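Have the viewer open as you read.

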Amino acid sequence: MRRLTTILLAAAAILLLTSADKNKKGTTQGTGYPISPVQFTSVKVSEGFWGQRLKASREVTIPLAFSKCEETGRYENFVKAANPSEEYKVGGFSFDDTDVYKTIEGASYVLQTYPDKKLEAYIDSVLVIVAGGQEPDGYLYTSRTMNPKHPHEWSGSHRWEKVEELSHEFYNLGHMLDGAIAHYQATGKRNFLDIAIRYADCVIREVGSGPGQVDRVPGHQIAEMALCRLYLVTGDKKYLDQAKYFLDRRGRTAHRDSYNQSHVPIVEQDEAVGHAVRATYMYSGIADVAALTGDQAYIDAIDRIWDNIVSKKYYITGGIGASRSGEAFGKNYELPNAEAYCETCAAIGNVYVNHRMFLLHGDSKYYDVLERTLYNGILSGVSLQGDGFFYPNPLATEGGYERKPWFGCACCPSNICRFIPSVPGYVYAVKDDDLYVNLYMSNTLTQKVKGKEVVLRQETSYPWNGDVEISIDKNAAKEFSLKLRIPGWVRGEVAPGGLYSYADGKSLSYKVLVNGEEVSSDLNKGYFTITRKWKKGDKVSLHLDMEPRVVTAREEVEADRGKIAVERGPIVYCAEQPDNDFRVSGLLVGENPEMKVTDGDIVGHPIKKITLKGRYFTHGLNRGEMMIRDVTATLIPYYAWCHRGAGYMSVWLAKDFNAVEVAPCELLI
C-alpha cells in the first residue's frame, strides 16, 4: 500500500503541474468584521526572531510533518477510502485525517514567504490522494469510508451518529476548510477548496433542523470558525448560517456536557469550562458569528467568557487549561504550576479567540493577551530547531519532560505546523483609513488603504529590544492614520483583568518620532495614532523601554502565593537546571531582586539572559539543621527551556521563606 501511495504522489505531481493556475492568488469577497485583518499574503517577514522561526518551519517542521503523515499511514487512509474493503482494520484516531489538512495549511502559509515549486507540486499530489477518498456526495471521512461495515470504533454505525461525542466528522471538516482556504489564498488553486466545499455542502444538506436532516452539533468544535472563513471566501451566506446553527443548537440537543461546552446554550454561558481546546475553538466561532452578524447576545456572551479567562483562568505564560483531567479549564484561580496542563493547541486557540475579539472591538488589550500567549505559551510547544514538541507546557517541573518528535495523537505538532507560518497574518489590520500595527517584527507590508496601495517596511530586533523603525516605501493613499499598539507591559499592565501585577515600582515609558522629531498622541484603546499625508521615505521610530520586571499574582492564586515571576518585554522567564547548580524550588530571591541582562544563546539561537542573586536553602546532615548559601541564578526565556536535557525548571520563584521548598541535603544528592 505504501508503494501505491508513492506512485500516486509522483503521478499526481506531473498531472497537476500542467493544469494548475499558477499565478492567480485566492481572494476573499470581503471581511465582514468591524476591523479587517490583513491577510498573510500581504506580509513578507524577513530576518530576525520570526524570520528564524519561519525558516525552521519551512526547513524542518513541515517536512517532518509530511514525512510523519506518510510513515504513520495518514495518506494510506485516503487510498483505502478510495478502495474500501471489509478487510481493513480501522485504527489510529478518528481525526487522523486532520494532520494532513493542517500540514498542507502550514505549507501553504510558507509558500507565500518562500515560493517553492517542488513543495507546491508535492501538496498537489497529496490532494489527488485526498480527493480519491471523497465519496460521490462529498462526504470525506476515511475512518468510515474505508470500511463502512466496520468503521472506527468512535464513529457509530452511520453518519453523524456519534459526531457529538467522538467521531470528529465535523472537526475534520473544520480543519479541512482551514487548510483549503489557506491553500487557495496562497496559490489561487481551487483543487483543495473544491474538495472542502463539497464536504461542507454535504454537511449542510444532511445536518440541520429541516425535514430529513439530523439535529447535531460538533462534539469537538472548530467547524464553526472554519465555516465563517468559508463564508468570507465565497460570499455564500449558507456557510455562515450553518456556523450559527451549530452554535445556536449547542446546549439544546440531546447531548449536554460541560466537557465540550454543551451544558447550557451559548447565550447563557459566562465561564470558561471543559476541554480547553474545544472551548477556544468554539469561543472563536462565537466571536466570528458575533462580528459577522452583529448578534448582541453573542457579543455579550463572548465578552463574559473572555473576561472570565483573563481575570481568573489565565497563566502568566499565556497558557490556558489548568487540569490534566479532561485537558480542561480548572476552577476560578486554580492555576497550579507543576501540574499545569496548558496544552499547546489550547494556546493556539487562545490566539484565535483574542485575534477575533480585537477584530470585533478594536481594543489593544486583546493583542496584549495574544502577544503574551504567542511568545510564551505557544513557542514553548516547539523546539527552536523545529523538530520537537510539547503537548502540555507546565510552569514547573522536577525533571522528566522532554520534547518529542511526534505523538500518536499528533494534534499539537500538526497545529504548530500550521500556526507558526500563519503569524504574518496577525501583524496588521485595517479599518477605513486606519492602519493598525499590532505586532512588531521585521517585515514588508503591501496593503490597500482606502483602496490605494501602501507599502510599509518594519525593521526591529524585537522582542530583545523595544526599538522599531517603520518606513513608508510607497503611499498611494496619501493621508491615513497609522495606529501603533503600545503594549500593556510598557504601560504598567501585565495583562488585562488584573490577575497579575507588577511589583517592582518601575515606570516604563515610550517615545514616537516621525522623521526624527518626537510626536505626541493620546492613547485610544492602547493605540498611538499618527494621522498625516505620508510620503515615500517617511520614517516612524518607536521606542519602548524594556527592562526586567517583577510580577506577582492575586492572592486567590494559591499556587503563586509568596512567589514572583520575571519578565522582560513580552518574554516570560524561567530558571532551569543547566544554568543553575541547585534545585530552583529551594531558591529565595526576595521581593525585588536586582537583575542584570546579558546576551546568551540556546542551541545556537540568540537570547537575552537575566541573572539575579538569591539564597539557596538545603537540609543539613543533622536533624533540624539547615544549610544556606548565596547563589546567582540565571533565567532564560520560558519558551527556550528543555533544550539541554531534562531537569528542574520553574517560572515562579520564592520571594517569602514560606514559599521555599527546602532542598535535600546536597551531600546526599
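## The sheet

Strand β11 (residues 510-514) runs antiparallel to strand β14 (residues 539-544), and 5 bridges hold the two together. Across that pairing, L513 sits opposite S541 of β14. Strands here are DSSP runs of E with at least two residues, helices are runs of H or I with at least four, and both are numbered from the N terminus; two strands pair if DSSP finds at least two bridges between them.

Zoom out and you get an open sheet of 7 strands, paired antiparallel in the order β2-β6-β7-β8-β14-β11-β12. β2 (43-45) and β12 (517-519) are at the edges with a single partner strand each, so one side of each has no neighbour in the sheet.

## About the model

This is a predicted model, where local features need pLDDT of at least 70 and side-chain atom pairs count only at pLDDT 80 or more, while totals for chains, interfaces and linings use all residues. Numbering starts from 1 along each chain as its sequence is written, and side-chain values use heavy atoms, with hydrogens and water left out.

## Helix α2

Helix α2 (residues 49-71) has 23 residues and spans 32 Å from first C-alpha to last, close to the expected 33 Å (1.5 Å times one less than the number of residues). There's a kink of about 45° centred on S57, taken as the angle between axes fitted to the seven residues ending there and the seven starting there. After α2 comes G73, with a positive phi near 85°.
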